[in-house]
Amino acid sequence: MLRRVLYIDLTTGESWFEQRDGLFEEWLGGTGVATQLLLEECPPGADPLSPQAPIIFSIGPLSAMYPVMTKTVAQFKSPLTGELGESYAGGRLAMAMRFAGHESIVIRGRAQRPSYISIRDDEVKIRDATSVWGINAMRTGVILRDREKGVGRRSIIRIGPAGENLIPYAGVVVDTYRHFGRLGLGAAFGSKNLKALVISGTEDVAVPESRRYREVYNRIYNMVVQTDAMDKYHDIGTPININVLNQLKGLPTRNFQSTSFSEAENISGETLADHYLIRRVSCAHCPIGCIHIGMLKTAFTEHHEFEVRKVSYDFELIYSLGSNLGVKTPEGLLELIESCERWGLDAISAGVVLGWATEAYERDLITPQETLGVPLQWNNVKGYIKALENIVKRPNDFYSALARGVDYPSQKYGGQDFAMSLGGNEVAGYHTGPASIVGQTVGVRHSHLDNAGYSIDQKAAKKQLAPSAMVDQIIKEDDSRGVFNSLVGCLFARGVYNEENIVDALASVGINKTREELDVLGRRIFQEKYRFKVREGFDLARQRVPRRFYETVSTLGMVDPETVEEMLRLYRQRRGW
Ligand code: SF4
């Protein structure tokens with residue numbers, strides 16, 4: 001297996017490979033390797049939008065070798081938080097990188113004019129992208145697919161106008177329906193004049209000719225397809241959580257003013273599956289197919305023909321652009337999701353920003369002059385669609401403030417108590433209890449996926465867990481995900497890839513690690529990420545928790561601020577900080 005890093009300098013137009021066996025041996029791959037490359041490449045204090053700030057992509061040693069090892073990790077300095085930017089995407093990118101022979105890619109510098117990178121196996125070209133600059137992310141994908149025809153396994157990742165305009169929560173669209181959504185990778189692309197990256201690979205991937213590989217592969221594959229470990233992701237998909245969380249009083253509604261939504265059934269996974277779902281698709285090398293595609297049928301004009309658009313939906317989007325904005329209809333929800341997709345905005349951040357703006361408008365903290373007459377009201381889908389356009393185009397100070405994420409406008413106009421961010425990142429769709437709040441605050445990327453605090457709360461709802469036990473579980477998840485994310489597997493398969501299967505799968509491709517060694521590695525990877533965060537100014541002791549979390553009932557009842565404080569104190573203590 002090739003264990004090399006492809007370096008691309010957009011300023012000089014040069015590219016080269018470096019064999020980094022030691023790096024991969026020590027840090028496995030994926031997030032472990034990407035963190036080291038980020039520490040090497042990013043000068044302390046670098047402006048996230050400067051040519052000095054790099055973009056790094058990494059896959060893992062099992063990518064394209066085992067089922068559901070489908071993700072690629074991107075690391076960068078986040079334009080949203082000013083510290084660690086880390087985002088994961090599926091699609092075909094990991095497969096294309098593997099077949100092109102690149103386990104990590106480092107992008108440095110800034111191109112002189114709008115450009116895209118074209119990689120075909122070892123050949124790297126920086127091509128002119130002037131003709132697609134300003135074009136939305138979906139259309140850009142179609143144009144580049146045509147322009148970059150060729151053989152091999154190909155992946156196209158690109159930004160929309162939000163990334164070009166350096167919106168700190170712009171994402172990168174990956175192939176069809178997948179994204180590097182969070183923490184502003186799209187703006188990092190835009191700052192480099194980088195519209196897209198197209199990669200195709202024709203190399204063979206030599207799978208080990210051993211009986212052991214076949215045995216372990218079959219065991220894992222059978223667990224994926226013949227047990228119920230991943231069923232829920234295929235059937236209704238993650239949107240099944242809408243009705244579940246609604247019943248548990250954990251579904252954020254109208255900017256977390258409530259945790260149950262009277263119209264939840266209308267936008268639930270079940271309703272969407274019954275009336276709007278037209279197909280499910282999969283990332284390459286995944287037999288599950290959890291990506292649910294809905295049909296949005298709209299008239300061109302009154303009494304005229306219909307057009308049909310395909311929109312991918314999942315739980316987080318239904319929360320952020322649905323219940324969190326009081327949106328009651330599937331059509332309104334799908335329109336908002338599609339709007340974020342076209343502009344290339346992170347839908348979670350966009351929904352949280354609009355939720356804050358709606359409440360601020362309701363409370364007269366902002367005026368119709370500031371919104372340019374756009375009615376920011378719950379369930380006003382047309383108003384929200386116009387606001388999203390204004391966020392990307394920034395026609396005045398108010399929309400420029402919204403374009404910076406929810407923290408900034410709440411400092412400027414008031415309403416910090418209901419500006420729903422943790423660690424500077426807009427929050428995910430759970431108000432389940434203290435573990436969710438603490439988990440997102442301490443997580444390396446301030447995401448619900450860092451340590452699944454929401455799931456710890458739900459366990460606590462069934463069987464009482466003391467705050468210190470919850471902290472222990474958060475730490476355990478933080479560390480174990482360091483290993484799993486170095487393999488860059490889909491987190492939906494974490495029940496399949498238990499410790500035994502990870503050890504056996506690695507051994508089958510010639511990487512011999514014991515469980516104990518992997519535990520130590522997970523902790524070290526976590527610490528290395530915190531090394532970067534602290535170096536760039538993150539201070540866990542000074543994090544703000546919005547009051548709204550303490551004013552709205554959660555799955556575990558009202559959350560006591562002292563419990564959260566105590567858990568944060570215990571967390572720092574257990575980490576030795
Ligand atoms: S379960 Fe879904 S997100 Fe995960 S790899 Fe499969 S299709 Fe992709």
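**Strand pairing and helix packing in the predicted model**

Strand β13 (residues 277–281) pairs with strand β14 (residues 291–299) in the antiparallel sense, over four bridges; two strands are taken to pair if DSSP finds at least two bridges between them. Strands (E, at least two residues) and helices (H or I, at least four) are DSSP runs, numbered from the N terminus. The structure is a predicted model, in which local features need pLDDT of at least 70 and side-chain atom pairs count only at pLDDT 80 or more, whereas totals for chains, interfaces and linings use all residues. Residues are numbered from 1 along each chain as its sequence is written.

Gly294 lies opposite Val311 of β15, and Ala299 lies opposite Phe306 of β15. Six residues separate β14 from β15 in a hairpin, and His303 in the turn has a positive phi of about 65°.

Together, three strands make an open sheet in the order β13-β14-β15, with antiparallel pairing. Its edge strands are β13 and β15, each of which pairs on one side only. From one strand to the next, the twist averages 30°. Helix α12 (residues 330–343) packs on the sheet and touches β14 and β15, its direction making about 75° with that of β15. Contact requires that the C-beta atoms of two residues, placed from the backbone, lie within 7 Å. Angles run from 0 to 180 degrees between N-to-C directions, and axes are lines fitted to C-alpha atoms, for helices over the stretch in contact.

A helix pair was also examined. Helix α17 (residues 434–442) packs with helix α18 (residues 453–462) at an angle of about 160°, the axes being 7 Å apart. The two helices are therefore roughly antiparallel, a term applied to angles over 145 degrees. Their crossing is right-handed, meaning that the near helix is turned clockwise from the far one by less than a right angle. Ala435, Ser436, Val438, Gly439 and Gln440 of α17 meet Gly453, Tyr454, Ile456, Asp457 and Ala460 of α18. This contact comprises five nonpolar, four polar and one charged residues, where Ala, Val, Leu, Ile, Met, Phe, Trp, Tyr, Cys and Pro count as nonpolar, Asp, Glu, Lys and Arg as charged, and the others, Gly among them, as polar.

Methods:
Parallel < 35°, antiparallel > 145°, perpendicular 65-115°, else oblique.
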